Structures are given as C-alpha cells and as structure tokens.
Amino acid sequence: MGRHVDNRVFRPVDRQRYREKMQRGLDALARMLAEGNFSFPHQQMGLEMELHLVDEHMEPSMSNTIVLEKISDPAFTTELGQNNVEFNVEPRVLAGDGALHLEEELRTALARADGKAHDAGAKLVMIGTLPTVRRAHVEPHWLTKLPRYQLLNEQIFNARGEETLLDMEGVPLADGSSDKLRSYADSIQPESASTSVQLHLQVAPEDFAAHWNAAQCLAGIQLAIGSNSPFLLGKALWHETRIPLFQQATDTRSQELKNQGVRPRVWFGERWITSIFDLFEENVRYFPALLPEPEDEDPVAALDAGRAPVLAELRLHNGTIWRWNRPVYDLVDGVPHLRVENRVLPSGPTVVDVLANAAFFYGAQRALTEQDRPLWTRMSFEAAEENFFAGARNGTDAHLYWPSAGWVAPDELVLRRLLPMAHDGLRACGVSDAARERYLGIIEQRCLKRQTGATWQRDTVVALERRGMDRQEALAAMLRRYIELAENGDPVHTWPIG
C-alpha cells in the first residue's frame, strides 16, 4: 500500500480488466520461477517500525505531517493515522556484527527523530497499541490526508456495506477484573491505534516455501513472548490486541459473509505451501481487488523482451491482503527478488527488545528450514493457527502445541527447544557470537522472568488502580512511566512494576 494511488471511482470494467492483468502477472511469475530469474547474491534482512505520536498529556498527537516535515528524512514516512509514522531501515546482511551496528543506528535515528518531534509538541512511542486512545481519536477525519488511505477506507466500507464492529473479550487482570469491548466505527481509523514491526528476509525462490512455513510455525510463539498490546479504548483485552483489532478494523465481510466462511483479508492462511506462487494464486482466486487500477505494462511481454516485469497489479493487490507472513516480490535496479515479510510483532518496547525479537525469529526460522524432517510435516496447519491466536490472547500464559512436546507453556518451549535452535540458526547465518549472545540472552531472560511488554503494562495498571487511580489516569501514568523506562534503553524484562 506504499504505492501512490489516485483518488478515483472504480467502474465494473476496471475490476474485470484488473483481474485479467493479475492473471497475466501470475503467468509471468510462474515462468520466472521455472526459469530461475531471481537475484540472490546473499541473504539480507530489512526492518520497518511503526511508531505512535503522543502529546504532553500522553494522548495521541495528530501531527504526523508537521513531525515528518521537521524530521526531514526519507526513512520516516506516513502511516494510516495522523498519530502514526513509520521508520524504514535500509536492507543489510544478517552475518557478522550487523545487528550490533543496527542497534546503534536505530537508537541514533530514533533519538534524532524524537528531538524533531519534540519541536512540534509531540513524542515518539514504540508500543503495540496506544493505551490512551479514546473514541474521539478513532474518528474518520483523523486518517492521514493522503489519497491512498482515504480511498482504501472508502473501498473497505463499500465492500462491507456497514459499520465496523470491534468485539473482543478481555483476559482477566491480576486483580481478577475482566473487560469486554463492543464498539462500532465508521472508518478504518481504529487500526491506527496499533503499530507493529515488520521483519523482511530475502530468500532464494526454491527456499521460500520452507521459510514461509517455518514463519507460520513460529508466529504463535513470537506473540506469546513478544506481546506488547494489552489495552484498547480503555479496556484490558488480549495480550496482543493488535491481532483482533487489525482483523476487525479492516474486515470487508458482512456478518452473513463471515457465516458463509468467506476468508478475511487479515489472514493467517489455511495450508502449508510448496511455492510462493501458491500465495499469490490464492490472493487472485479468493480476494476481490480493493484498488483495481491497472498499469500499462504487459508482464509476459516484458519477459519476452528480456526485462523483469514490475507485476504492479499483483503487488498492489498483495498489499491489500494482510497476511501475518506476507510474500513479497520486489525489484531493485530492475533485478527481481523474493522476501518473506513477518508482520506478527508489535512495536517496542525498546530498540534492544525489537532486535532480540528479530534475532530469535531469524535464528529459529533458519533452524526449522534445515531440519531433516520439517516441522510442518509433523504439525497440522490448524494447530499453528490455534497457537497464533492462543499466543495473541494469553501471552506468556498461553498453552501451545508443539510436535513431540504436546501442549506446553511458551517460556518452557522457548527455553528448552527453540532457543538452542535459534542459536544454531544464527550461527548458520554467520551472525557473530557477540550479537547472538546479546540478543538471544535477552529472550532467555524474558522467558525466565515471564515479563513481556504486555505483562508489564497490565501489572502496572493494576498497581496504579490499587493506589486509587481510575482507569484513564492509570493508563496515562503507566504510559508516562513506560516512555521513561524505554528511553533508558534497558530491555523490558528488567523493568520494575508500578
């Protein structure tokens, strides 16, 4: 969705032509995969980080246009809501001390950007869902004033034909209290209450399926030990409330279509794959185009002429189907490559926590792809999906299924099985011992302490409420303390409660 899209009205003929162009793109992709037309000189990783803007009262600051003007750095760009910005990191190799250099680079860039935001009366925050968001902050007029967001909002609501229902049952807090959210919205702006970190990994075409399947296996564990999104609209909900929020806020289905089993556009998927082609083919087969704006290029003709096709229609369509592990086809200087985009993790709490989450994912993913008997041949896809939602809802208290281990707590699964595998995987990627031990050591301590960003937020709000604060006061005080601790830079498992 980063591509420019004109603000226009689509006609029935546009959709028919767009579908034909997407099929043409599938034909070209199949041919490229068969002929081996992809670049893979070395394995590269990339990172995108979404951020919130808050004001001095810890409420959303609808100032991204002004803040981005002051930052004046093309690495920082707009996101859905006026209270969001996105930071894009240049791709780099996984090997060596790259992660250690990236940590310093991220700290420096974010500190500089935060200083510029301060000039606009705002502050940058890395957190999964902003706990101080209220109903007034999710009205349609707070969408970022760019055609692509306005048009996407219009198309989603035209497809659904009715308001969005946010309907979530909360997980009880430590004091035994339990919340429920049931709220209607007339735009996709509620989704701006959440921000994420997206991890990219460039892979060879023949290895894509194994890396995607491995990422699907890991998604529930990622959420369970990395959750950081427990509050929304004043309610204590899931440990990673981003998951149901994103699915519900961008749902194009009426209740009747849900009852029929029509697939959601925010989608875990439904099967293991054997090729990246499977995912793009599903996109075309199952999902109507939201933004059917075809380009002039004939992708098959481009191939015949010896050029890599842009595949504009397939790529734009792919950007409106929000798989938690998304396939990416991209071009750099006219040379095509493939990536897995892992969209599971929330933003924050700190730079070092983000990099620890990334190191664990990349290492465990690599190790899973090199097993003699792949995990996904011993585990049903439905079990991986159940793990995903259990990890999102219950965090460290979830029970996850793992072959040969049965039902197990996430911290036990990571400490006994996955952490050693992640070490092996990072070694195989050529990551230095210093980087590997630093970041996986943080994951180890987080599991031993059983303290994630979500558990810290939940326990701190309970402690503040016991001192006499009401919920909104406690959320604001918690967020202020969260920001102070995050700026110190110490990982979240070391943060004191209260």
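**Questions about a predicted model**

Biologist: At 33% relative accessibility, does Arg450 count as buried, exposed or partly exposed?
Modeller: This is a predicted model, so the value is computed from predicted atoms. Buried means under 20% and exposed means over 50%, with partly exposed in between. Because Arg450 has a relative accessibility of 33%, its class is partly exposed.

Biologist: Where does Arg450 sit, and what is its phi?
Modeller: Arg450 belongs to the loop between H14 and helix H15 (453-466). Although Arg450 is not a glycine, its phi is positive, at about 55°.

Biologist: Let's turn to the inside. How much space lies in the largest cavity?
Modeller: The count of cavities of 30 Å³ or more comes to five. The space in the largest cavity is about 160 Å³.

Biologist: Which element gives the most to the lining of the largest cavity?
Modeller: The lining is made of 16 residues, and Met45, Leu94, Ala99, Ala359 and Tyr362 lie nearest the centre. Two or more residues come from each of strand S3 (84-93), helix H3 (98-119), helix H11 (351-369) and helix H14 (433-449). With four residues, the element that gives the most is H11.

Biologist: How many nonpolar residues are in that lining of the largest cavity?
Modeller: Sorted by class, the lining of the largest cavity has one polar and two charged residues. Its nonpolar residues number 13.

Biologist: And for the second largest cavity, how many residues of the lining are polar?
Modeller: The second largest cavity holds about 40 Å³ of space. Its lining includes Ile225, Gly226, Asp353, Asn357 and Arg446. Helix H5 (208-226) and H11 are the elements that give two or more residues to this lining. By class there are three nonpolar and two charged residues, while the polar residues number six.

Biologist: Now the aromatic rings. What is the geometry of the pair Trp267 and Phe287?
Modeller: The structure holds 17 aromatic pairs. In the pair of Trp267 and Phe287, the ring centres are 5.5 Å apart and the planes meet at 70°. Planes over 60 degrees apart count as edge-to-face, so the pair of Trp267 and Phe287 is edge-to-face.

Biologist: Are Trp267 and Phe287 buried or exposed?
Modeller: Trp267 lies in strand S10 (residues 266-267), and Phe287 lies in the loop between helix H8 (276-286) and helix H9 (299-304), so the pair ties together parts 20 residues apart in sequence. Both Trp267 and Phe287 are buried.

Biologist: What is the geometry of the pair Phe268 and Phe381?
Modeller: The ring centres of Phe268 and Phe381 are 5.3 Å apart, and because the planes stand at 55°, the pair is tilted. This pair links distant parts of the chain, 113 residues apart: Phe268 is in the loop between S10 and H8, and Phe381 is in helix H12 (residues 381-394). At 4% relative accessible area for Phe268 and 5% for Phe381, these residues are buried.

Biologist: Which charged residue lies over the face of Tyr286?
Modeller: Over the face of Phe157 lies Arg160, at 4.5 Å from the ring centre. For Tyr286, at 3.6 Å from the ring centre, the residue is Arg263.

Biologist: Last one: how far is Cys429 from the nearest cysteine sulfur?
Modeller: The count of disulfides comes to zero. Cys429 is in no disulfide, and the nearest cysteine sulfur belongs to Cys217. Cys429 is buried, with a relative accessible area of 12%. The distance from Cys429 to that sulfur of Cys217 is 17 Å.

Terms used
Residues numbered from 1 in each chain as written. Predicted model: local features only at pLDDT ≥ 70, side-chain atom pairs only at ≥ 80, totals over all residues. Heavy atoms only, no water. 1 Å grid on protein atoms, 1.4 Å probe; cavity = no way out; pocket = protein on both sides within 12 Å on 5 of 7 lines; lining within 4 Å. Points joined across faces, edges and corners; volume = space filled by probe spheres on them. Nonpolar A, V, L, I, M, F, W, Y, C, P; charged D, E, K, R; others polar. Phe/Tyr/Trp six-rings, centres within 6.5 Å; stacked < 30°, edge-to-face > 60°. Buried < 20%, exposed > 50% of the residue type's maximum accessible area, 1.4 Å probe, protein only. Lys NZ or Arg CZ within 6 Å of the ring centre and 35° of its normal. Disulfide = S-S within 2.5 Å.
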